[in-house]
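The entries follow in the order in which I took them up.

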Amino acid sequence: MKRISTVVIALVLVLSIFTPKNVQAADDITGHYFENSMRTLIKMDIMSGYDDGTYRPDRLVTRAEFTTFLVRALDLSSTSSTSPFTDVKKGDWYFWSVMSATSSGLIGGYPDNSFRPNNKISRQEMAAMIIRALDYKGISAGQAPLEFADNSKINPMFRGAIQQLLYLDVIAGKKSGDNVYFAPLDSTTRGETSAILLRMLNVIENPQEFVNYTNYTIDFQNMISKQVSANPKVDGAGIYRASRDLVAYYLNPNNFSRGTSSYLQFLSLSQSTGLKVQELNEKVLAGKGILEGHADAFIEAGQRYGINEVYLISHALHETGNGTSKLATGIKVNGKMTYNMFGVGARDECPNTCGAQRAYDEGWFTPRAAIIGGAKFIGKNYVNAGQDTLYKMRWNPYGLQKEGYATHQYATHVSWAVLQTNSIQKIYNLLDTYVLKFDVPTFNDQPGPTERPTGVDQYYVDRRLEGEKGKTTATIGLNFRTGPTTNFGVIKKLPFGTEVTLIGENGGWYKMKVDGQKGWASGKYISLQNVTKANIASINDATANQEKPKEIEETTDIEIDAKAVVEDQNKETTPSTQEEQEAKSEDPLLEEDDEKENNETESSLDTKVENKNSDKKKESKEIQIDFTKHEGIMGEVNIDEVTLRNEPITNDSSSILKTLQANTIVEVLDEKDGWYLVKIDEEQGWVLSETITVLNVLKPDTTDKPFVIKAEASTESETIGHIAENDLIILALNNEGKLINTDGWYKIVLKDTNQAWVRSTNIKTKLPELPLLTIQ
């Protein structure tokens, strides 16, 4: 967030620190840099001149003088006549000002109980006093980043105050040469003080943030219990249940401070913000694909349906990948181009086809219609139904208070509301004129701030299977980890048949005890003695109590862009849960599905648009690659407009580095939770793994012949290794992406080895994982 533009407020009565003298402004400020601000304060009787008729704009201001300015500006008074400072006594001209400032919490002394009234006030001390003055007036502020060349010289205790004043444009840096300095220890002149005081008074008279507190008559611990029973999740994919402590952290508004981006989860979304079309188009929507130039539609939608425009834009940018997604840029249905900017009706299993059909049903045949119509949907079901903050959309405290249980929640992810705030703040950072209104919930017996749980403490442990006995079934060993995902470290590898005792379960992973040691492992490779698969399924079904979307009947009389169909079809062939990926990584002895084309969706929709990528989409079972063992893995982008990001996240548009087109060749460096870290033209970034077809990872065929690795392409060459049954090999490619084949031998990639070769007769050539690779 940045600031609200302010106007100078006339008629603010603030007395001078000296006895006012009715004299005209002297010539010593004529033409001075701060002439305008000083003359304004003179007219307002805030400053007066000296006995000789001068105003001395370059005279340095003392701590006592600045304290007096603040006290009179805020119209403060004090009845206390006892000084807390050893060097402030009755009879001093500044005595009552210091007393008033002290009782109002504006100032503090030094450790020796002195105030040092005649010391020149430093810029960082002035910042602290101004922030206390604004806080006294109920004015809150965000925090701008400190980007000065002398950041290290700023006392840490003053950093927050300086950041807030930068955010409000009350104070600024000083340019010297090519650098900008804050100069925290510099003193301040009367001229500089006049400008700062005017900006402070403008902020006081024009507050940009209004905070309302709504109390819900629910005991906070009871609130936590009700929310925990609703099966909240740690992850956005909705696989792993969140612990009680993690739920408590995100439920507690006291954990999110005013002035931080996370505080925006309490921003009221039910009011139009009065933004300007030109400013939004130029500063926010420029370069945002199909959304560029459509600020008027967002503003009209906000005004028509009473929704915060910044939220609408943030939501649309998130859903459309900055205005570039297929659903946003247009999909034909029954010969008419449709647009969907908010993902309305786009289910996980058919985002493009279902989203396009919903747009057709709603009549969204222009981008403008999609923006306004989508806003109507959002407003009707949440914002205008009382859930008008991100916090309310996620946790719905009123619904819980009324019904006695958690209901009508937008998401299961515990941090969903907070995750939305970063993009909203980034938009506000670009704007100059806005008003923020917050509605912060409070609960009975609500605690103060708490620490956010980290690591395994974020994960719930379902103890309904506690005490059950079992054995590991992974033939090459099973990783025993510190937590229930592949992101956690490996404690040790459990041999086949290791006996285990269950402690609990989460997301298909078991917490268990092995030889007195506790840890987690994938449930795919644990055989329980007294529990059937049906029993486990019933337990999982009992926990998955969130409402699921109804299936939409497929029709055969609509025509939808084939590319949208194929993109949806491709999403269905990827592992749906992280534990499935973990199972594959833990034991590579996987059954191979028969290779087959999946044309069912295309034929059922009577597709009439040719799709150049359709021959690449084949239903298959993924090979799980251990990137700690293999390198030189190459892949090809299999659809257009794939976003390369600096982090494996989709909820932050600023993470996008660029877009990659179909057939782009990349090197695959690592994998994490359904994302690949790839390298292209010396640039690294993350892409969704489903958008990459791995080209050169194969399984050897060792059924009727030994499989050896040779140093040269010859049977007479030195044997430098063997490939174990069902292990993987990485085929080397040349600069054109072709296999390197010499006399029936293929070059392969091994870590720490310049070259190695294998016989082509050992290579399985018909793998569903490699529809683009044909070995001659």
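**Salt bridges and helix contacts**

I began with R358, which is partly exposed because its relative accessible area is 29%, and I kept in mind throughout that the model is predicted. I then looked up its partner and found that R358 forms a salt bridge with E362, the closest N and O atoms lying 3.0 Å apart. Both E362 and R358 belong to helix 13, residues 351-362, where they are four residues apart, about one turn of the helix. E362 also counts as partly exposed, since its relative accessible area is 40%.

I next asked how many salt bridges the model holds by the distance rule. The count comes to 18, the rule being a side-chain nitrogen of Lys or Arg within 4 Å of a carboxyl oxygen of Asp or Glu. I noted beside this that side chains of opposite charge can pair when their charged atoms come close.

For a second pair I turned to R116 and D112, whose side chains meet in a salt bridge at 3.5 Å, N to O. R116 is partly exposed at 31% relative accessibility, and D112 is partly exposed with a relative accessible area of 45%.

**A loop residue**

I then asked which residues L60 touches, not counting residues up to four places away in sequence. The list is E65, K120, S187, T188 and T189. L60 itself lies in the loop between helix 1 (35-43) and helix 2 (63-74) and counts as partly exposed at 31% relative accessibility. I also recorded that L60 and S122 are separated by 62 residues in sequence, with 9.8 Å from C-alpha to C-alpha in space.

**Helix 4 with helix 6**

Helix 4 (residues 123-136) packs with helix 6 at an angle of about 20°, the axes being 11 Å apart, and the two helices are therefore roughly parallel to each other. The crossing in which helix 4 passes helix 6 is right-handed. From helix 4, the residues M126, I130, A133 and L134 meet T193, I196, M200, V203 and I204 of helix 6. I sorted the residues of this contact of helix 4 with helix 6 and have eight nonpolar, one polar and no charged.

**Helix 10 with helix 11**

For helix 10 (residues 295-305) and helix 11 (residues 309-320), I read that the axes come within 9 Å and cross at roughly 125°. Helix 10 and helix 11 are therefore oblique to each other, and their crossing is right-handed. Helix 10 makes the contact through F298, I299, A301, G302 and Q303, and helix 11 through E309, L312, I313 and A316. The residues of this contact of helix 10 with helix 11 divide into six nonpolar, two polar and one charged.

Note on methods. Residues numbered from 1 in each chain as written. Predicted model: local features only at pLDDT ≥ 70, side-chain atom pairs only at ≥ 80, totals over all residues. Heavy atoms only, no water. Buried < 20%, exposed > 50% of the residue type's maximum accessible area, 1.4 Å probe, protein only. Axes fitted to C-alpha atoms, helices over the stretch in contact; angles between N-to-C directions. Parallel < 35°, antiparallel > 145°, perpendicular 65-115°, else oblique. Left-handed = near helix turned anticlockwise from the far one by under 90°. Contact = heavy atoms within 4.5 Å. Nonpolar A, V, L, I, M, F, W, Y, C, P; charged D, E, K, R; others polar.
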